[in-house]
Amino acid sequence: MPYLVRRFLTSLLVILGVITITFVVARLVPSDPAALYAGPRARPAQVEQVRQDLKLDAPIVEQYVSYLGELSRGDLGISFATRQPILDDVVDRFPATLELALLATLLSMVIGIPLGVRAAARQNKASDTSLRLLAVTGVSIPVFWAALLLQLFFASRLGWFPLSGRLPSDVSFNEPTGFFLIDSILSASPSNVWAVLRHLAMPVTVMALFPLGLTTRLIRSSMIDVLAEPYSEAARLAGVPERTVLYRLALKNALAPALTILGLTFAFSVSSAFLVEAVFGWPGIGSYLTSAIQRLDFPVITAGALVITVVYVVVNLLLDLLHAKIDPRVQLS
Amino acid sequence: MTAVLSGFTRRGTPHPGGTVWRFRRNKLGLAALSIITFYIVVAVLAPVITPFADQGRGTPDLPNRLMAPNSTNWLGTDDVGRDVIARLLFGARTALLIAFGVVSVSVVIGVVIGATAGYFGRWIDETLMRITDMFLAFPPLLLAVIVAASLGPSTRNTIIAITVSWWPWYARQIRAQVLSLRERPYVKAAQALGVPNHRVIGQHIIPNAMTPVWVQATADLGAVILVAAGLSFVGLGTRPPGADWGLMIEEGRSFVLAGQWWIAGSAGAAVTILALAFNLIGDVVHEVTSTKAGD
Amino acid sequence: MAGRESVLAMHDLRVTFNPPTGPVDAIRGLDLAIHAGEVLGIVGESGSGKSVTFRSVLGLTPPSATTSGTITVGGKSGTPTEMAPEARAISAMVYQNPGAALNPVFTIGQQLTLVAQDENESNLADLLDQVGLPEPAKALDSYPHEFSGGMQQRAVIAMALAQRPKLLVADEPTTALDVTTETQILDLLVKLGNERQIAIAFISHDLGVIGKIADRVAVMRNGEVLETGATQQILTNPEHPYTQMLIASSPGARETATFTAADEPGLLEIDNLTVEYRNRDRRAGRKVRVIEGLGLTVAKGETVALVGESGSGKSTLANAVVGLVPHVEGSIRFDGQDLATMTRAEKKAFRSKVQVVFQNPLLSLSPRRTIAWQLHEPLRLYTDHTKAERDERIAELMGRLDLDTELLDRRPHELSGGQAQRVVLARALAVDPTLIVFDEPTSALDVSVQVEVLELLNELKVERELTYLFITHDLAVARHLADRIAVMQHGKIVELRETQDLFDDPQHPYTRTLLASSASLEAPAASGASRD
């Protein structure tokens with residue numbers, strides 16, 4: 001079987017597994033979902049009615065099958081709290097989160113890769129040590145706390161950036177893509193772009209902290225391994241300039257393992273989104289989840305987690321295909 | 001910790017050039033180790049150290065709410081008047097309990113599943129690893145979130161929730177180790193000698209497979225502390241009046257912008273420093289065990 | 001000789017490594033010159049400093065190492081640090097492991113272009129042609145992993161040539177290759193050295209290989225050159241006692257073993273044996289036959305050597321005989337009993353009667369257990385001895401194998417290779433086996449240790465009435481031990497003869513190739529060996 005097809009089928013299997021795990025976890029709920037749905041003042045008969053309506057009294061296998069059926073039709077269920085189809089909310093809010101996660105990933109790569117290469121090239125020198133300390137700090141700060149600190153200093157004290165939200169209330173433009181950075185550029189108004197950037201600045205910085213530390217550390221360690229290989233030594237010995245050895249010959253080898261990290265980076269951005277968005281009042285899928293957690297809105301929690309995970313699986317699939325393109329050996333294994 | 005670092009000679013002194021010996025020469029590692037030791041000591045001795053042990057356990061002192069740092073309450077008091085230092089000390093107990101709880105349970109599950117899959121191979125391996133992959137498919141924090149949400153918030157459930165999303169990493173790592181050790185001549189030699197399977201796994205493979213796992217586990221302690229803090233920050237972890245740093249940040253959050261920074265500020269610093277120390281130790285242990293002496 | 005111009009000369013070279021454990025003198029006052037167009041063989045056992053010498057001259061030692069002495073390159077002299085750039089400018093390196101010396105994510109063409117000094121595309125293809133790579137144009141677009149080890153090494157040599165070196169430093173360039181490929185690569189190096197007037201520093205642990213390629217030989221030990229001289233002279237008339245010992249202990253120089261096969265029915269009877277492995281990439285469940293229809297009988301008291309190159313299936317056979325790998329066809333009978341139909345109890349008895357000794361002794365011992373623990377294990381499994389009785393038995397074995405009982409408290413990494421191999425032997429002998437299967441037991445050991453171990457094996461065999469199945473790639477080692485030799489190729493035995501007969505009158509063409517390419521010190525070939 002060609003590598004591509006095989007990899008695609010595994011991803012499908014993994015997604016089915018993810019659905020199953022979320023389904024099982026959702027059934028672990030100690031409280032009665034029907035009672036939750038019916039609300040605190042519902043009479044037992046009403047609860048019973050809800051139970052039948054939601055088919056919660058059916059055998060577990062039957063529930064599982066109909067759950068799969070609904071999912072395959074794109075039906076993510078109905079929120080206990082808002083009684084709205086979850087899919088609509090998710091579609092509405094997803095671009096906001098994706099915009100944050102993609103920008104944070106991009107930022108961490110653009111800064112983290114050169115930093116990692118530089119640290120590896122000056123292994124164990126003072127600048128390497130301080131870079132490493134910085135990188136370790138990046139992965140050790142709780143994101144939500146970092147968010148609070150930024151709010152305190154740069155929004156509250158200095159007033160450089162808005163405290164929260166995605167746009168000021170008095171700014172609006174067409175949203176064809178849902179990515180405000182792109183939409184604002186399309187609106188051809190520099191003031192719109194400026195407003196969007198000011199709002200993006202703090203959340204993106206906070207979300208990039210962890211991936212930045214991760215990227216720097218991993219690029220550093222894989223670069224050190226690659227530079228110790230005889231082929232790097234041979235290139236240096238042959239008089240290939242150091243810049244070429246580092247950024248062309250060695251980095252391509254070091255990037256292959258780093259791609260896996262790109263997946264992790266994205267995953268961390270997405271999962272930290274749910275902490276960061278809560279702090280910055282960002283109208284994305286993360287804050288949607290947080291408020292669902294506070295209201296014990298289980299269908300939303302599981303559906304939200306499912307959507308994020310499926311996106312993550314797809315991202316990993318794409319990265320693996322890219323990996324196979326960079327490293328010619330991959331397709332064989 | 002000594003199991004991690006097999007750098008001792010027969011007489012119990014560090015082997016020159018061995019792992020322990022090299023660790024001792026690493027200033028960063030030693031600094032991190034002292035920080036961790038400090039946290040463990042103050043967590044154990046919390047009731048003795050602070051005069052406000054009751055407040056540390058959760059008893060409010062409403063008349064003294066939101067006091068700025070002063071000579072009695074060195075880091076001030078929180079919104080129900082509890083001494084922040086006392087809360088931090090008791091919070092250290094929660095954090096360390098969760099960190100060590102999650103990592104040790106995950107390692108045990110990971111060893112059992114990973115070693116079984118790696119040693120027996122074939123369909124056993126296929127099945128166990130496909131299941132592991134499904135758990136690994138979730139972004140790290142997310143599976144913990146939905147498990148914690150369905151079990152309900154409490155410290156114990158936090159440990160369960162994080163463990164559910166953590167064990168697959170060890171299972172995969174141990175499997176990879178076992179797969180390569182399985183082909184080693186000393187394992188083949190033991191098999192040829194007729195040593196029974198359970199003894200080959202237990203006596204010959206697992207002891208030699210554990211070094212990278214301990215390295216990973218050390219580094220993971222920091223990550224677990226961060227995840228636990230995140231869970232309690234969104235209300236899925238330790239419940240009030242329990243002492244927990246993530247909870248303190250959440251509770252102090254609304255006062256930060258009003259100028260009462262000390263509740264969230266000190267709790268966040270406590271998390272960061274401990275996570276930093278664990279991450280550094282992980283780094284140093286990794287370095288010490290992966291490079292050869294005399295290189 | 002002294003009148004010839006030297007490409008590179010070292011005078012009083014000293015290298016000290018400074019690991020945190022304290023300084024280690026690796027090179028102690030070394031004088032060595034290499035002349036234009038010559039092949040200088042540098043021979044020594046591991047740790048003799050033979051690689052460090054050139055690495056330090058090329059500035060490849062770690063920054064913490066200190067160097068001193070005088071290096072002369074092209075008429076200019078200076079300290080090693082000063083002269084490293086000059087030395088690098090005229091040198092290129094060929095490495096032991098060609099797979100690691102090529103960057104896996106770039107094509108051969110891309111890599112050549114980067115290191116080549118003003119060569120255009122067609123010249124690059126020419127270059128690949130000269131190093132004997134088939135289809136040079138296609139090879140330019142290939143990735144290293146698409147090549148075999150021998151082809152990779154040719155590509156590495158091409159990379160080296162593209163730098164137009166005056167000096168080629170070849171560090172064990174054929175150690176990772178099988179015998180046939182080794183010969184081809186040696187011929188290629190000699191040819192290119194002659195054609196392009198490149199001096200070659202050929203570093204090897206193997207006197208046999210050095211004898212085939214070098215014009216002059218330098219023998220190294222403990223960071224010093226013990227003696228230098230023309231190859232012929234060093235091999236036939238060595239002055240230094242260490243060189244004499246090296247040559248004497250090279251197995252090929254020894255007399256043939258003189259054990260005769262007892263005329264008894266086979267202790268081990270292998271009949272029509274076929275072993276398959278599942279292919280790694282699961283393309284339509286393809287299976288690879290590693291051993292196909294192999295038959296072999298080993299009589300009691302006999303030593304049969306099984307000789308073949310890597311990939312011939314000989315190690316798989318070792319694993320199959322001791323029951324670690326299942327076979328799909330044929331049978332293995334031990335003492336008349338079929339391995340496949342043994343009961344649990346019979347299998348247990350079989351496991352104690354048949355022991356196996358693997359290649360690398362240090363890897364054959366559990367790294368975290370004491371030697372005592374490892375020796376107790378078989379006795380715990382197969383005897384009802386008390387701890388004291390076991391201790392006594394172990395002490396007796398240790399004594400017989402010249403092992404100090406102090407070693408009992410140590411762990412494997414604290415032993416030398418020779419000690420570890422004796423411990424492995426002691427473990428195998430602990431349960432009084434009748435048949436021992438050896439899988440390349442000496443190839444990981446230094447030459448001087450090798451001979452001791454082989455001698456010991458011969459003695460033990462007589463003393464304890466053992467039967468050996470001895471698997472090796474080294475005909476010289478086989479000759480030293482075996483009553484009969486089976487030559488294996490592609491999972492089959494192509495020739496099986498009494499040892500002396502096989503050497504005197506090989507029948508199968510493959511046996512002849514093996515014999516021809518096998519390192520032999522008795523007749524060192526001239527350096528201009530012609531290609532087959």
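Reply: Between chain B and chain C there is one salt bridge, a term for a side-chain nitrogen of Lys or Arg within 4 Å of a carboxyl oxygen of Asp or Glu. It joins the side chains of B:R199 and C:E377, with 3.4 Å from N to O. The model is a predicted one, in which local features need pLDDT of at least 70 and side-chain atom pairs count only at pLDDT 80 or more, while totals for chains, interfaces and linings use all residues. Residues are numbered from 1 along each chain as its sequence is written, chains are lettered from A in the order in which they are written, and side-chain values use heavy atoms, without hydrogens and water.

Counting contact as heavy atoms within 4.5 Å, chain B brings 26 residues to this meeting and chain C brings 29. Together they bury about 2,600 Å², of which 56% lies on carbon and sulfur atoms, buried area being the accessible area (1.4 Å probe) that two parts lose on being put together, summed over both.

Turning to chain A, the contact takes 42 residues from chain B and 48 residues from chain A, and the area buried between the two is about 4,000 Å², with 79% from carbon and sulfur atoms. On the chain B side, B:S150, B:V234 and B:L257 lose the most area to chain A, together 14% of what that side buries. Two salt bridges are found across this interface, and A:R132 forms a salt bridge with B:D283, their closest N and O atoms lying 3.8 Å apart.
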